[in-house]
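Biologist: Before we start, could you take me through how the features of a model like this one are to be read?

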Amino acid sequence: MKKSFAAAIASLLFAGIAFAGDTPAPPNAYLYIGWPNNGEVIAAGKPFRVWFGLRDMGVAPKGVKFPNTGHHHLLIDTDLPPMGEQIPNDRNHLHYGAGETETMLELPPGKHTLQLLMGDENHIPHNPPIYSKKITIIVK
Ligand SMILES: [Cu+2]
């Protein structure tokens, strides 16, 4: 009994260290993709606008430490990255470090997933992490 309680505490501590950054998220922050909608069919061969929706949290550029803010990351065709470290910077993880709240995107024909994830001034997800639902779009 005593041992399992200790193990539970240890696993909670481990989870806290491994799966979240140090920057607190505002309590009611809500992140969503304003457009496209889940299941949207998009014309191939031309850029489309992705609108980043965020409530009860502010946007600040990368490198700027200010309470209750972060900057947007768009995850394309990938799952959420590890929450305790810097969000990767590659073609599947786009950073909007200037404080952008929308972007133009062009994707090859096919099914794609989009998901937003907030990162702090050092590109590390907040605690708890603030991310949107993952949506699927069809480009054709
Ligand atoms: Cu970033």
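Modeller: Two strands pair if DSSP finds at least two bridges between them, strands being DSSP runs of E with at least two residues, numbered from the N terminus. Here strand 3 (residues 48–55) pairs with strand 7 in the antiparallel sense over four bridges, and Phe48 has Leu105 of strand 7 as its bridge partner. This is a predicted model, in which local features need pLDDT of at least 70 and side-chain atom pairs count only at pLDDT 80 or more, while totals for chains, interfaces and linings use all residues. Residues are numbered from 1 along each chain as its sequence is written.

Biologist: Which order do the three strands of the open sheet have?

Modeller: The order is 1-3-7, with antiparallel pairing; strand 1 (30–35) and strand 7 (102–105) are the edge strands, each pairing on one side only.

Biologist: Is Ala43 buried or exposed?

Modeller: A residue is buried if 20 or more other C-beta atoms, placed from the backbone, lie within 10 Å of its own, exposed if 12 or fewer, and partly exposed in between. Ala43, in the loop between strand 2 (41–42) and strand 3, is exposed because it has 9 other C-beta atoms within 10 Å. Ala43 and Pro109, 66 residues apart in sequence, are 8.6 Å apart in space, C-alpha to C-alpha.

Biologist: What is the mean pLDDT of the protein chain?

Modeller: pLDDT is the predictor's confidence in each residue, from 0 to 100; its mean for the protein chain is 90, and 86% of the residues reach 70 or more. Over residues 9–18, however, pLDDT stays under 50. Where pLDDT is low, the predicted coordinates should not be read in detail.

Notes
Contact = placed C-beta atoms within 7 Å.
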